[in-house]
Structure formats: structure tokens, C-alpha cells
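Dear colleague,

Please find below the structure that I am handing over to you.

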Amino acid sequence: INAETWGVLLSMADFGIPDPFSGETGLDDDSTSSGYIHIRSQQRNGKKSLTTIQGLAEELDYKKLLRAFKKSFNCNGTIVEDEELGHVIQLQGDQRKNVADFLIAEGIVDKNNVKIHGF
């Protein structure tokens, strides 16, 4: 069987299996579309760590939210624009629990939609 015949046979037989080379997995791995807020801690050098928050709704005012985080947790932070993930808030230190409690207490997100990674 040559390559052309093989291609015709494969196009005729639809087995319901996604193409592994198309880049589409068939799974919904996108954190922003799944509705979850992902809170992660990344270890830097030594004792230093960085907390990242992603998956927040686009209609939120990220600057005001960051200002509230910085004032409440006594840390510094920034907003990073990522083409795949959208807006990602970065805070200094391990603030995972503080961020989750803040978002739930302020009613920004439901407790079931918060994923704290690393605990």
C-alpha cells in the first residue's frame, strides 16, 4: 500500500479517535475556559518563592485586585500578560492560602472553583 492509498483508507475509516498530530487532544485543559482559578507556588532560589494566580475572569479589574492583594498580604506583585494564559498575577512569597481565602471571602470566586496546587 502506498502513502496515497493509506491516506484514503484512513480518511474513510472514522474511528472516533482524535488525530495525535493535530495538536488537539480532545480534552479541555485550558485553565481559563474550565472556570477554575489556579493558584500555584513556584520555588525560586533559597527560601524565596512566587505565587501565581491564573484563570480569573477577564472583566475583573486586575490592577485593583493586585493592589488589594499587596495591601492585605504585605507583599509585592505584578500582572504578567501571557498569550496562552491571559492575565497572570504574581505575588512574592507563598500566598496560596491567603489568596484563596481572600477570593472566597470577597465573593469573587466560589470555593469549588479554586484549585490550590502544591498543598
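Subject of this note: contacts, fold and surface

In the protein chain, 48% of the contacts with a separation of 6 or more are between residues 24 or more positions apart. Please bear in mind that the model is predicted.

The chain contains three helices and five strands. Read from the N terminus, its elements follow the order α-β-β-α-β-β-α-β. Of the 119 residues in the protein chain, 27% are buried. The accessible surface of the chain amounts to about 8,600 Å², and carbon and sulfur atoms contribute 49% of that area.

Two loop residues deserve a separate mention. The loop that joins β1 (37-43) to β2 (49-54) holds Lys-47. This lysine has a relative accessible area of 82%, and because exposed denotes a value over 50%, Lys-47 is classed as exposed. In sequence, Lys-47 is 47 residues away from Asp-94, while their C-alpha atoms are 10.0 Å apart in space.

The second residue, Glu-83, is located in the loop between β3 (77-82) and β4 (86-92). Glu-83 is likewise exposed, since its relative accessible area of 83% lies over the 50% cut-off. Glu-83 also belongs to a negative surface patch, together with Glu-58, Glu-59, Glu-81, Asp-82 and Glu-84.

With kind regards

Technical notes
Residues are numbered from 1 along each chain as its sequence is written. This is a predicted model: local features need pLDDT of at least 70, side-chain atom pairs count only at pLDDT 80 or more; totals for chains, interfaces and linings use all residues. Side-chain values use heavy atoms; hydrogens and water are left out. Patches are made of residues with over 30% relative accessible area and no salt bridge: like charges are joined within 9 Å, nonpolar side chains (Val, Leu, Ile, Met, Phe, Trp, Tyr) within 5 Å. Accessible areas come from the Shrake-Rupley method with a 1.4 Å probe; for residues, only the protein chains shown count as cover. A salt bridge is a side-chain nitrogen of Lys or Arg within 4 Å of a carboxyl oxygen of Asp or Glu. Lys and Arg count as positive and Asp and Glu as negative; His and the chain ends are not counted. The place of a charge is taken as NZ of Lys, CZ of Arg, CG of Asp or CD of Glu. Helices (H or I, at least four residues) and strands (E, at least two) are DSSP runs, numbered from the N terminus. Buried means under 20% relative accessible area, exposed over 50%, partly exposed in between (1.4 Å probe, protein chains only). Contact means heavy atoms within 4.5 Å.
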